[in-house]
Each structure stands twice: as C-alpha cells, then as structure tokens.
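Please examine the sequence and the structure shown below.

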Amino acid sequence: MDMTKVLPDECMSLIISLTSPRDACRMALVSRALRSVADSDAVWLVFLPCDYKQIISKSSSSPSLFSLPKKDLYFSLCHRSILFDDGTTSFRLEKENGKKCYMLGARALSIQWADSPDYWSWIPLPESRFSEVPKLKNVWRLDVKGRIELKTLSYRTNYSAYLVFKIVRDRYGFRHTPVEFRVIINEGTASGKVRSVILDPPPNVPQQAKERGDSWLEIEMGEFFNECGDDTRVEFYLRGVHDNQPKRGLIIEGIELRPKDNRGEKSLRFYNVYTSALRLTAFIHALY
C-alpha cells in the first residue's frame, strides 16, 4: 500500500516533522512522491526555533532571510552565522537538530581593563566574525565574564560553553600558569565546578585546546542543562590563578554556547514517531 496515496499531505507533513531535519532530507531524496511534502514549509517550520522571527529581525540580514523558503532558511542559519546586538553576538543553528548556538563576542563580555590601551588593544582580524577583537598587551590579573539568559537558549538541552581564542607568538605568562573556568547558573545554585587548564601548555603536556577549522582554538569551560528556560542567567568566568606574573599575547574571539549532545532529543523524536505510527496504523485499519 502506497501511504502517499492514502494519507493527505497535511498528515504526511505532520509525521515527517516529528522526525529530524536529516530524516526529512533523506525522505526527499529516496521518495519522489514524498519530496514536495518533505521539502514543504509546513515541515521545516517545525524544525526552526519558535522565536526565529524575533532572532532574525535583530540582524541586518533579516529582509533577505525572511524571503527564503523555510528549508533554505534553516540551512542558511546552519551554515552562516548572523550578527545582532550591534554586532557583538552571533547566532546559528546546529545542523543535526536545529538547536540554537550563540557566540558572545568579546564586546559582549566583561573584560577587566579592556578599555585601557595599556592593557588591551582592540584590533580587526580577517578571520574573526566580529569587527574587532581584544589582544592582551600586559596584565597581571586576568578576569573575563559573560552571561546569557536561559530563555534565550533551546529548552531541554545540555549545553557546553567554549572559550574561543588565539595565542600569538610573543605570548608570555600562559606556558606554565593555569587559568580557571567556571560555569554558574543562578549564582551557583545549580553548577559552579572549577576547571583549571593551561591555555599554552609546554610540548611535553597534552594540548587541551582544539583547532576549530576557522583559524581559532577552543577549549571547553564547562557545561549546563537548560530544562525549560526562564529569566535565570548562566554566567561564565575566566580567571587567572596566579596574579604574580604578567601575561600577554591572548586574543579572545568570544564564548560560544552549543549543544553538547542530543540524546534526549533523539529519544523524544523516536517516541513521537512511534506513537504517530501506531495512530496511523489504526487509521488505515479503520479505512479498510
């Protein structure tokens, strides 16, 4: 029995929307009969965040993005970040599941003495998504903070926070001196584990930072779970452990927040598809 001839398009689009973006693309490729439904706005609207219009409207790219079909819009947001908040914050979607990813640029962070030219210099870099980034000239005390409201992020999602940075050739003070990371929700009521790392380890010590593929390095600061999102803020801290040594040569792109895994999302989608299949079976039996 050909289901595409039995069920109306509205029913088929509902079933496909309960799977995943990857599954919808596969259905469009393997079934000519399903292609128009699998590529429809009705399906891909479900994969977009419910507040995608508000997010896009804050960007200068909003007119061109709003004119796209929903599937094209989804993949545009996956492959190209958009900037808002005066170009200090970037947004994109995780291609696998449509979860929100944000990067708080250095101008959206609180960096001690950032506006003092004796300690930091703000420079443009072609590989940066932001108009300028701070380069550390000389400080004894390193102190960087960032924050974002949980309601901004995807619900029921485990997030990791990453420091995105560079270490230049004339750096000093990071080779043997660790820094500390902390990720805190609601002033420490839900998280706050301190992680000590060396940003520029000597050759005989394993490198904790990873290359991103965009000329930057990243290192995980910590993780947190966003259950349902509210006005609570999650805060991120980078601090020097020892203030008795000057430091220079660190360039900060920002702090990126992205989903750590989607195991819970996969289980939920499997349950939705399974229950829909049972209802579909009962519907077909009733017809015949």
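S215 lies in the loop that joins β11 (210–211) to β12 (217–226). Although S215 is not a glycine, its phi is positive, at about 75 degrees. S215 counts as exposed, with a relative accessibility of 51%; here buried means under 20% relative accessible area, exposed over 50%, and partly exposed in between, with a 1.4 Å probe and protein chains only. Helices (H or I, at least four residues) and strands (E, at least two) are DSSP runs numbered from the N terminus.

The model is predicted: local features need pLDDT of at least 70, side-chain atom pairs count only at pLDDT 80 or more, and totals for chains, interfaces and linings use all residues. Residues are numbered from 1 along each chain as its sequence is written, and side-chain values use heavy atoms, with hydrogens and water left out.

A positive phi also occurs at D86, a residue other than glycine, where the value is near 60 degrees. D86 belongs to the loop between β1 (82–84) and β2 (89–93). The relative accessible area of D86 is 83%, so D86 is exposed.

The next topic is the sheet. Five strands form an open sheet with antiparallel pairing, in the order β4-β7-β13-β9-β10. At its edges are β4 (110–111) and β10 (194–197), each of which pairs on one side only. Two strands are taken to pair if DSSP finds at least two bridges between them.

| Strands | Bridges | Facing residues |
|---|---|---|
| β4 and β7 (residues 143–149) | two bridges | I111 and V144 |
| β7 and β13 (residues 233–240) | seven bridges | D143 and R239 |
| β9 (residues 179–185) and β10 | four bridges | F181 and R195 |

The last topic is a helix. In α3 (residues 21–30), the buried residues are P21, A24 and A28. Viewed down the axis of α3, these residues fall within an arc of 60 degrees, so they line one face of the helix; the arc is that of the directions from the helix axis to the C-beta atoms. An α-helix has 3.6 residues a turn, so residues three or four places apart point the same way. L29 and V30 are exposed on the other side of α3. The buried residues of α3 pack against α2 (9–17), α4 (32–38), α5 (41–47) and α8 (70–79), where contact means heavy atoms within 4.5 Å.
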